[in-house]
Amino acid sequence: MKILKITALAVGVLILMMVLVAAGALIIDKRGTAYLEVKGNPAFESNTYLITNVNIVPMTADTVLLNQMVLIQDGVIARIADAITDSKAKVFDAGGGYLTPGLVDMHVHVWDEYELGLYLANGVTTVRNLWGQPMHLRMKKAISNEEVIGPLFFTSGPKLTGPEYMGDDNLQLFTAEEAYSKVAEYKERGYDFIKTYYGLTGELFDAVVEKGRELDFDIVAHPSPKVPYSYHFKPEIVTIEHAEDIVQQPLEYRLDTARLSEVVDLYATHPHTAHCPTLVVYYNIYRLLTEDNILNSEGLAYMNPLIRTVDSQAQFDRWAGTKSSDSTIVSRIKDQHDFHLLAIKKLHERQVKIVAGTDAGIGVTPPGYSLHEELNFYTQAGMSNYQALQTATINPSETHDFLSNQGSIEIGKLANLILTKDNPLDRLEVLRNPQMVMVRGRMIKQEMLDEFKQKARNRSNLLASALRYAENLIIEK
């Protein structure tokens, strides 16, 4: 009996120590991102400004409005004019710079609050998170309530897949009734849309779409090979993800231009559905195959440490193993990437709506930085700078209703803005280092944006990230 008591006491002490360590890790992590808190930070006090001496890239047309003034009141664009003389708002002289709508990354995976600062530092003022977890609901609430400064944050629920596709990164559905229930639950809990995932069967897919229609709940589709690719062109589906899935599913891994034309026709005849290519994340497979030191590259310093330790390393090992056994893999991956560029060119020529997304936050695709690489690929695919910029501004605003109040510089739109010294329509690269970013009228100047980057670089919150992921497994699985 005495041994049992001692054992029970030892177990209790061990559990208590584990709880204290876990709590400590979360508290430290929260304190580490205190620089993003709005309350008590003088830099974030105001969301009302008069911006003067500024050239506007409105994104309503391929033009620049020279030497304008922009009045922002309570985070919303109130007036745009050559001269505004009756405002008492605090004046910000833009010094002849160029004001552009904030960028939208339509496909990200967010792991901590440090990444919020990274997105802002890269001019990304809105993100669409495509792997919803409980921590994202808290993050969304804190941003919506303006407790922390961050890009406007919208998230799917957990990824919905079918009975055959196992994995701790998705939720398996087995019956239509379960699909109805989960869609309703995610709507009730505050997720913004549903993500259907690889492996969803026709019966389950129909159930998700039916319930989404009933609840007016948008759906984003990672194509499932369990149904034809054409099955994804339903009015409830706002975007179809990944150019690589065009090759992998309807083209059956063949770089077939004739069959590509059939897919392009599908998009062109279903204008309610946009395409989100995520070219950069696939191109990074090529980098994994050709850059032996990629895990020690500067970009990886900005990845969440849990992802860097687990996912980045696993992907590197996977492709290194493939390369050792398949001498053609490097050329084949590069050829497919080039075919993706052709696919985007063909889609763009048919006026298919393309929205920029990166899959940032996984593998070797860092948050914020990767969107600029994505836009560069669109120009390689034949878009002008203006057309590429549309994919990360005005185009997203024409997808979900919750994005309709941004994407252009117009009266009544949210003051999500980027200021650059030079014209991004001449060189998109200037958007990589903004002089100022504004989100809902709160101004973040360059010095603070640089601080956001440094705070996120090589952060040490692996344990806190693991605890939040464990929470996801407990609650969602």
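Biologist: By class, how many nonpolar, polar and charged residues are in the lining of the second largest pocket?
Modeller: This is a predicted model. The second largest pocket holds about 450 Å³ of space. Its lining has 18 residues, with K30, E113, M135, R138 and R468 nearest the centre. By class, the lining of the second largest pocket splits into seven nonpolar, one polar and ten charged residues.

Biologist: Which element gives the most to the lining of the second largest pocket?
Modeller: Elements giving two or more residues to this lining are α1 (2-32), α3 (134-144) and α15 (462-476). The top contribution is four residues, and the element behind it is α3.

Biologist: Are α3 and α15 roughly parallel or roughly perpendicular to each other?
Modeller: The axes of α3 and α15 come within 8 Å. They cross at roughly 110°. Angles of 65 to 115 degrees count as roughly perpendicular. The two helices are therefore roughly perpendicular.

Biologist: By class, which residues make up the contact of α3 with α15?
Modeller: On the α3 side, P134, M135 and R138 make the contact. On the α15 side, R468, E471, N472, I475 and E476 do. M135, R138 and R468 are also among the residues nearest the centre of the second largest pocket. By class, the α3 to α15 contact has three nonpolar, one polar and four charged residues.

Biologist: How many residues does α9 supply to the lining of the largest pocket?
Modeller: The largest pocket has about 1300 Å³ of space. At least two lining residues come from each of α6 (244-248), α8 (279-290), α9 and α10. The largest share is from α9, and that share is seven residues.

Biologist: Which residues lie nearest the centre of the largest pocket?
Modeller: The lining of the largest pocket counts 40 residues. By class, they are 20 nonpolar, ten polar and ten charged. Nearest the centre are Y197, E244, Q315, R318 and I362.

Biologist: Is α9 oblique or roughly perpendicular to α10?
Modeller: Helix α9 covers residues 305-325 and helix α10 covers residues 329-349. They pack at about 120°, with axes 9 Å apart. The range for roughly perpendicular is 65 to 115 degrees. So α9 is oblique to α10.

Biologist: Which residues of α10 make the contact with α9?
Modeller: From α9, the contact uses W319, T322 and K323. By class, the whole contact has four nonpolar, one polar and one charged residues. The α10 side consists of I329, V330 and I333.

Biologist: At what angle do α8 and α11 pack?
Modeller: Helix α11 spans residues 369-380. Its axis and that of α8 are 9 Å apart. The arrangement makes α8 roughly perpendicular to α11. The packing angle is about 95°.

Biologist: Which residues of α11 meet α8?
Modeller: The α8 side brings L279, V280 and Y283. By class, the contact of α8 with α11 has five nonpolar, one polar and two charged residues. The α11 partners are S370, E373, E374, F377 and Y378.

Biologist: What radius of gyration does the chain have?
Modeller: The chain has 15 helices and 17 strands. Its C-alpha trace spans about 85 × 65 × 50 Å along the principal axes. A compact globule of 477 residues would come near 23 Å, so the chain agrees with that expectation. The chain's radius of gyration is 23 Å.

Methods
Residues numbered from 1 in each chain as written. Predicted model: local features only at pLDDT ≥ 70, side-chain atom pairs only at ≥ 80, totals over all residues. Heavy atoms only, no water. Axes fitted to C-alpha atoms, helices over the stretch in contact; angles between N-to-C directions. Parallel < 35°, antiparallel > 145°, perpendicular 65-115°, else oblique. Contact = heavy atoms within 4.5 Å. Nonpolar A, V, L, I, M, F, W, Y, C, P; charged D, E, K, R; others polar. 1 Å grid on protein atoms, 1.4 Å probe; cavity = no way out; pocket = protein on both sides within 12 Å on 5 of 7 lines; lining within 4 Å. Points joined across faces, edges and corners; volume = space filled by probe spheres on them. Rg over C-alpha atoms; globule rule 2.2 N^0.38 Å.
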